[in-house]
Amino acid sequence: MGGITLYTAIFVNWSTDWAREGRLIIFFEMPAGRVPMSQI
Amino acid sequence: MKKFVLVLLGLMTLGLCASGSPRQVTIIRACLVRDAPTNCENMWAVIARVRLPKQPVATFAARPWCGSKFGGIDWGRTVADAILAEADRDTLENLAMDVSGALQKRLVPQIARHIRGDAASFIENNFSKLTPKAWSLSSPGYDLALCAPVIAAVPADATVTGYRLRAWDENRGEMDCTAGSIECAPGP
């Protein structure tokens with residue numbers, strides 16, 4: 001979409017006794033000569 | 001007096017180091033990920049995170065669900081529209097980021113301001129909006145504290161080679177998520 005692709009998963013917890021964190025790791029290759037940037 | 005000044009300077013230095021610590025890494029070389037994929041040399045990994053805080057009352061839901069308000073949100077579309085409203089194509093060309101983590105940590109107010117309605121409320125309330133008094137399994141809306149979107153962005157012309165889901169528990173640490181499964185069991 002417009003130069004960017006978003007990947008979304010819904011993290012569903014089954015309990016509230018502790019803080020929990022959901023993580024989504026996406027592996028990707030950049031086009032030759034380009035490096036990903038994390039700042040918008 | 002001299003000793004006092006030295007102690008004070010030491011404490012200030014510690015404070016500066018703490019406040020100046022780098023943010024949690026979100027983009028790394030894929031080979032640095034635990035159990036890295038094969039042929040990872042030319043790959044990158046973006047690690048998106050979202051945290052559900054501990055609630056004032058511990059409740060267990062055998063079959064958790066997210067509630068109709070949460071379920072009615074198209075998180076991908078909502079966040080994509082917000083990003084596109086703020087950033088131009090050149091900016092997005094190489095953008096790979098932990099969008100959910102940035103939203104939850106209030107690092108991207110320029111994007112968050114374009115998100116409205118229920119999605120904005122969930123983010124604003126850190127996916128946890130019930131007071132201790134109201135918190136019970138029978139309370140309508142208890143489920144609001146059980147769900148959150150984890151969102152990663154990669155450039156549209158990047159080649160995605162795979163993904164992983166992980167869960168981390170404040171008490172037990174990294175949880176056992178079987179490859180290919182969408183469920184993560186409690187740790188040891």
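In the predicted model, five strands form an open sheet in the order 1(B)-2(B)-2(A)-5(B)-6(B), and their pairing is antiparallel. Strands of a sheet pair through backbone hydrogen bonds, in either the parallel or the antiparallel sense. Between strand 2 of chain A and strand 2 (residues 44–52) of chain B, the antiparallel pairing runs over 9 bridges. Within this pairing, Arg20(A) has Leu52(B) as its bridge partner in strand 2 of chain B.

The contact between the chains draws 37 residues from chain A and 70 residues from chain B. On the side of chain A that touches chain B, the elements giving two or more residues are strand 1 (4–12) and strand 2 (20–29) of chain A. Strand 2 of chain A supplies the largest share of that side, 10 residues. By class, the side of chain A that touches chain B comprises 22 nonpolar, 9 polar and 6 charged residues.

The largest nonpolar core contains 47 residues. Ile26(A), Ala45(B), Val46(B), Val99(B), Ala152(B) and Ala153(B) have the most contacts inside this core. Chain A contributes two or more residues to the core from each of strand 1 and strand 2. In chain B, the elements that do so are strand 2, helix 3 (75–86), helix 5 (99–104), helix 6 (109–112), helix 7 (117–124) and strand 4 (147–155). With residues up to four places away in sequence not counted, Ala153(B) touches Ile4(A) and Leu6(A) in chain A, and Leu95(B), Ala96(B), Met97(B) and Val99(B) in chain B.

As to confidence, the model scores ipTM 0.93 and pTM 0.80. Chain B has a mean pLDDT of 78, with 72% of its residues at 70 or more. Over residues 4–22 of chain B, pLDDT stays under 50. For this segment the model has 0 contacts beyond four places in sequence.

Notes. Residues are numbered from 1 along each chain as its sequence is written. Chains are lettered from A and ligands numbered from 1 in the order in which they are written. This is a predicted model: local features need pLDDT of at least 70, side-chain atom pairs count only at pLDDT 80 or more; totals for chains, interfaces and linings use all residues. Two residues are in contact if their C-beta atoms, placed from the backbone, lie within 7 Å. Helices (H or I, at least four residues) and strands (E, at least two) are DSSP runs, numbered from the N terminus. Ala, Val, Leu, Ile, Met, Phe, Trp, Tyr, Cys and Pro count as nonpolar, Asp, Glu, Lys and Arg as charged, and the others, Gly among them, as polar. Two strands pair if DSSP finds at least two bridges between them. A nonpolar core is a set of buried Ala, Val, Leu, Ile, Met, Phe, Trp, Tyr and Cys residues joined through C-beta atoms within 7 Å. A residue is buried if 20 or more other C-beta atoms lie within 10 Å of its own, exposed if 12 or fewer, and partly exposed in between; C-beta atoms are placed from the backbone. pLDDT is the predictor's confidence in each residue, from 0 to 100.
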